[in-house]
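Subject: Structure handover

Hello,

Here is the structure for your files. My notes on it follow below.

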Amino acid sequence: MASIACTWVGVSWSRTKGGGLHCFDGSVDFETSGPSRTALKLTNFSARPLKVFNTAKPLEGRRIRREAVSESMASADLAAWKKLQSHVGEIEKTHLRELMKDEKRCQSMIKEVDGIVVDFSRQRATSETVKELLALAKEAKLSEKIEAMWSGEHINSTEDRAVLHVALRAPRDAEILCDGKNVVPEVWAVLDKIKAFSEKVRSGEWVGATGKPLTDVVAIGIGGSFLGPLFVHSALDTEPEAGKLAKGRSLRFLSNVDPVDATIALKGLDPETTLVVVVSKTFTTAETMLNARTCRTWITSKLGSEAVSKHMIAVSTNLKLVKEFGIDPENAFAFWDWVGGRYSVTSAVGVLPLALQYGFEKVEQFLKGTHSMDQHFRNTPFEENLPVLLGLLSVWNVTFLGCPARAILPYSQALQKLAPHIQQVSMESNGKGVAIDGTPLSYQAGEIEFGEPGTNGQHSFYQLIHQGRVIPCDFIGAVKSQKPVYMQGEKVSNHDELMSNFFAQADALAYGKSKEDLQAEGVKESLVPHKVFTGNRQSLSILLPTLDAYTVGQLLSLYENRIAVQGFVWGINSFDQWGVELGKSLATRVRSQLNAARTQNSPVEGFNYSTSFMLKHYLKGKTPVKGSESGHVLPSEMLPAV
């Protein structure tokens with residue numbers, strides 16, 4: 001064993017729960033006399049604690065890291081930040097018409113990675129802007145934060161969790177540590193289980209209670225347990241190869257607790273041929289479990305209670321509640337605390353229903369696409385790193401240029417659910433008002449995300465984008481169509497017509513149309529002000545070679561990591577979501593009031609005047625509930641009378 005010399009300079013320490021050490025006010029050197037991958041020198045940590053995990057184990061060969069890489073000063077106090085603030089004035093004086101004349105600049109802002117081309121030359125940025133943004137990334141310790149995430153540090157400090165969704169798509173032989181343990185074998189154990197189960201269902205080996213094959217799947221979940229899988233399913237549904245694999249099968253999603261959503265999800269389905277996937281890590285999510293009980297009643301009303309174990313499976317870690325619900329714990333598929341809901345599509349949350357629909361091999365192509373972009377993100381110098389560059393440009397647009405929103409505009413109908421998914425990933429991650437240390441931010445962070453496929457969006461909200469507020473846009477297109485159509489006598493194919501707009505809209509936003517242009521065209525003077533397009537509205541373009549499982553994975557990872565970059569630079573925790581909790585806790589009280597009012601005719605009390613008024617008005621139109629324990633309390637077209 002190599003000898004280890006440890007030098008502690010002015011360090012006070014105390015043993016912590018789990019055997020760790022907190023080190024304060026000093027510097028630490030770990031050196032070995034032999035080959036080592038430790039040798040990490042940490043100095044000047046007077047402002048923050050250093051945590052050394054699992055000190056019961058030998059220190060030889062171990063990486064010693066800070067519990068969370070955080071700024072020694074607020075982001076706004078960094079020199080690069082202040083330099084960018086000064087740089088804004090220069091950009092305000094420059095129109096994109098002028099910037100686009102510089103071909104060398106444009107060339108430097110077009111990047112190609114693994115078949116994907118990204119052009120951000122229409123951003124309101126010069127080469128100097130990009131240089132200063134990269135300097136900001138360095139000062140904000142972006143590289144260290146990325147490595148901390150990949151190394152399994154508990155960078156989600158408010159929940160004391162690692163953030164390792166990247167491990168979900170790592171190859172079988174990879175090593176990604178969390179609390180000193182390689183999690184990749186556990187990930188692949190679940191993937192292998194999904195593969196085996198999905199093949200049984202798809203082949204007809206696994207049948208329902210009456211012996212019929214299960215050809216229809218209803219996935220119950222909410223938030224990330226719904227939006228991510230729905231996005232991928234929508235993208236693959238019209239892809240030719242995936243379509244063949246899904247022939248004779250259907251996949252539906254049930255998320256909203258509104259009974260209308262359950263009615264839509266179950267409409268036309270037969271319990272005898274339906275498999276329900278309940279996605280809830282704790283198996284206690286209120287909306288998901290009510291929908292699960294609704295589907296269970298729908299199944300048992302026709303097939304009896306014994307059918308549940310054949311027609312319902314779970315994605316959960318709470319095997320006790322899974323069993324009590326009636327689902328065989330052997331048919332529960334795990335995921336981990338280090339997987340955030342909005343990042344869970346590459347876990348069993350998404351992989352299981354997608355594999356049931358398209359087969360595991362097709363879903364594995366999707367995982368490989370995400371891993372490819374993950375590796376690019378982790379290993380590529382920032383100057384060529386797509387998630388980093390796009391994340392920095394978003395920080396530039398939001399915080400320095402004052403653009404609070406971003407439009408996600410896929411020129412592909414198959415990507416119709418991309419914007420809703422990224423809306424959650426981005427706004428739940430970065431919709432924060434305090435820094436990671438709890439101090440209020442002195443600048444704006446987070447983006448309002450929205451979008452619609454082109455050309456539909458052009459006939460909806462592009463008016464505002466062109467002549468109203470300045471909203472940076474992401475245009476996303478593909479070289480090849482999933483469903484090409486080129487009719488005789490038409491000037492261009494249907495896809496060429498679509499992509500003509502993809503290319504034109506970016507230039508229309510950048511260049512605009514001046515008063516002089518309109519006057520030269522002879523436009524009536526009174527109409528000139530109404531027809532002026534100021535231009536100078538930033539956008540970027542993402543061009544995929546085609547839209548298939550692999551490129552869908554690349555696109556997902558690009559956005560996930562881009563959003564993480566924004567949070568790292570803003571100095572916030574992008575991996576918690578305390579903002580969703582208050583409304584849910586207040587709803588518990590309202591739920592109790594509604595139950596008491598409808599079953600016991602109890603008066604509405606304990607709320608403010610406005611809420612009381614609305615509750616009373618609501619209850620006037622509701623039927624009192626006096627049903628017995630047996631049967632359904634109220635008639636329902638979804639659930640047969642018992």
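Two strands are said to pair if DSSP finds at least two bridges between them. Helices (H or I, at least four residues) and strands (E, at least two) are DSSP runs, numbered from the N terminus.

This is a predicted model, so to speak of local features a pLDDT of at least 70 is needed, side-chain atom pairs count only at pLDDT 80 or more, and totals for chains, interfaces and linings use all residues. Residues are numbered from 1 along each chain as its sequence is written, and side-chain values use heavy atoms, with hydrogens and water left out.

Confidence
The average pLDDT (the predictor's confidence in each residue, from 0 to 100) is 89 for the protein, and 87% of the residues score at least 70. Residues 1-72 stay under 50 in pLDDT, and the model has 133 contacts for them beyond four places in sequence. A contact means heavy atoms within 4.5 Å.

Overall
The protein has 23 helices and 18 strands. Of its 642 residues, 51% are buried, where buried is under 20% relative accessible area, exposed is over 50%, and partly exposed lies in between (1.4 Å probe, protein chains only). Among contacts with a separation of 6 or more, 71% are between residues 24 or more positions apart.

Strands 6, 7 and 18
Strand 6 (residues 110-113) and strand 7 (residues 116-119) run antiparallel and are joined by four bridges. They form a hairpin with two residues between them, and D114 in the turn has a positive phi of about 50 degrees. Strand 7 also pairs with strand 18 (residues 539-544), in the antiparallel sense over three bridges. V117 in strand 7 is the bridge partner of E112, and V117 also stands opposite L543 in strand 18.

Five strands form an open sheet with parallel pairing, in the order 11-10-12-13-14. Strand 11 (250-254) and strand 14 (332-333) are at the edges with a single partner strand each, so one side of each has no neighbour in the sheet.

Surface
Y609, F613 and M614 make a nonpolar surface patch of about 420 Å². F613 lies in helix 23 (residues 609-620) and counts as partly exposed because its relative accessibility is 48%.

Regards

Technical notes: Patch = residues over 30% accessible without salt bridge, like charges linked within 9 Å, V, L, I, M, F, W, Y side chains within 5 Å. Areas by Shrake-Rupley, 256 points an atom, 1.4 Å probe, with all protein chains shown as cover. Salt bridge = Lys/Arg side-chain N within 4 Å of Asp/Glu carboxyl O.
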